[in-house]
Amino acid sequence: MKTEIPYKIYLSENEMPTHYYNVRADMKKKPAPLLNPGTLKPMTAEELGGVFCSDLVAQELDDTTAYIAIPDEIRSFYKMYRPSPLVRAYELEKRLQTPAHIYYKFEGNNTSGSHKLNSAIAQAYYAKKQGLRGVTTETGAGQWGTALSMACAYLNLDCRVYMVKVSYEQKPFRREVMRTYGATVTPSPSMTTEVGRRILQEHPNTTGSLGCAISEAVEDALSRDGYRYVLGSVLSQVLLHQSVIGQEAKTAMDKYGIVPDIIIGCAGGGSNLGGLIAPFMGAQLRGENRYHFIAVEPASCPSLTRGRYAYDFCDTGNVCPMAKMYTLGSGFIPSANHAGGLRYHGMSPILSELYDQGLIEARAVEQTSVFEAAEYFARVEGILPAPESSHAIRVAIDEALKCKETGEEKNILFGLTGTGYFDLIAYQNYNDGTMTDYIPTDQELEASFATLPKVDR
């Protein structure tokens, strides 16, 4: 007798992951090391320790340990909102008239409204353990800044957030949530840092970028005793923390004998996608199973589909280490679209290496198509999705419709990273018909590629 799959598959607290999974341990070809921009040699723990917390540096440099224990204090915090549900989208399947089975891992069941809290509490915990006074960071759409402000409030740490100017203006309520949790929020680029003043002098009308905000946050941290910089995506340590998403999803699916054929995630810097696919990718790398992984990015900021695989600065001000990644150039300023969390110029070195090996497919989708899928999903499944998450929804629907054409009964899993209740201006623009699509020209990208540093590695 076939087991009926419930609408929502919940795990117990005892089934929560006890360890973070490090996919690099199963990669035969590891991601390239971070480089010191001055010497062009791999960054040492001592060098990274001037910017990041010491325990996080150890995690960043560890590419051999498969499982790293999650401290009890972090797991206790996770229990306030984890395990998160795995949802079978029965109604969406019915409306699409597809034989595909669609599942989504919903990460919006916390006040920050997204998956970002998984890494925020971990990074804040290690900062507190080190005896620091506070941390600095950047945020795009605001989910990461909100999550970090929550984590810092919980652990009584000061939190200083540089928010990309276009999002600061588009999402005032996201900003106010951060301030409610005690964070200082500054629109970036700003006049409060040297790098911010330089960027504004060169580009006085800029709407900002994550690269700009990173530069300001790093400068702020380096100028204050007892502070370190923390990052919400891209770095290996962040993907490590986010592996709880994929581990929970795999445990839930294994309970019912479900094997996903297609796994889809939105991709900006890589935290959500990397966390979702981690245990599945590990199984594939070990030869235990095979999956079709799809990274979905905005056509306005297409680092995987149109970027170059090269060493580049992680920030616009060129003060951070250099990473080998698919990049559009650290000076690339994407259009002021509403997928704020997907507007980073580069992709996680881990995901970049997996993509370069042909283990991940990448697709770029246009903004109006994304919001069409978002509204359809909201009306059918009852959750208003974040613009970032809606990129994955777009491709999940596309894949389900392909199954309708072919008659294939595939299992589709996608990551619903969070809710869109602070993104109503974007929905208003879509509903009013004023939303536009922007795709950078080849000439624009070539001009940005021309600024890539010359690294012979």
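Here is a short chat about some features of this predicted model.

Me: Why is valine 296 called buried?

Reply: The cut-off for buried is under 20% relative accessible area. Valine 296 comes out at 0%, so the residue counts as buried. You'll find it in strand β11, residues 292-298.

Me: Which residues is valine 296 in contact with, leaving aside its neighbours within four places in sequence?

Reply: Among them are Ile264, Gly265, Cys266 and Ala267, and also Arg363, Val365 and His391. To count, heavy atoms have to be within 4.5 Å.

Me: And what makes asparagine 110 buried?

Reply: Asparagine 110 has a relative accessible area of 13%. Buried means under 20%, so asparagine 110 is buried too. This residue sits in the loop between β5 and α5.

Me: How do you know that asparagine 110 has a polar contact with serine 114?

Reply: A polar atom of the asparagine 110 side chain lies 3.0 Å from the backbone oxygen of serine 114.

Me: What makes β5 and β15 paired strands?

Reply: Pairing takes at least two bridges. Strands β5 (residues 101-106) and β15 (residues 411-416) have six, in the parallel sense, so they pass. As for one of the partners, tyrosine 104 bridges to phenylalanine 414 in β15.

Me: Why are β1 and β14 said to stand at the edges of the sheet?

Reply: The open sheet has seven strands in the order β1-β4-β5-β15-β10-β11-β14, with mixed pairing. β1 (8-9) and β14 (361-365) each have a single partner strand, so one side of each has no neighbour in the sheet.

Me: Which helix packs on the sheet, touching β1, β4, β5 and β15?

Reply: That's α12, residues 243-255, whose direction makes about 140° with that of β5. Another helix, α13 (residues 271-285), lies across β10, β11 and β15, at about 155° to β10.

Me: How do you know that the span of α12 agrees with what a helix of 13 residues should have?

Reply: At 1.5 Å a residue, α12 should span 18 Å, and its end C-alpha atoms are 18 Å apart, so the two agree. The buried residues of α12 include Val244, Ile245, Ala249 and Met253. After the helix comes glycine 257, with a positive phi near 70°.

How values were computed
Residues numbered from 1 in each chain as written. Predicted model: local features only at pLDDT ≥ 70, side-chain atom pairs only at ≥ 80, totals over all residues. Heavy atoms only, no water. Helix = DSSP H or I, 4+ residues; strand = E, 2+ residues; numbered from the N terminus. Buried < 20%, exposed > 50% of the residue type's maximum accessible area, 1.4 Å probe, protein only. Axes fitted to C-alpha atoms, helices over the stretch in contact; angles between N-to-C directions. Polar contact = N/O pair within 3.5 Å; in protein donor to acceptor, adjacent residues only side chain to side chain. Expected span 1.5 Å × (residues − 1).
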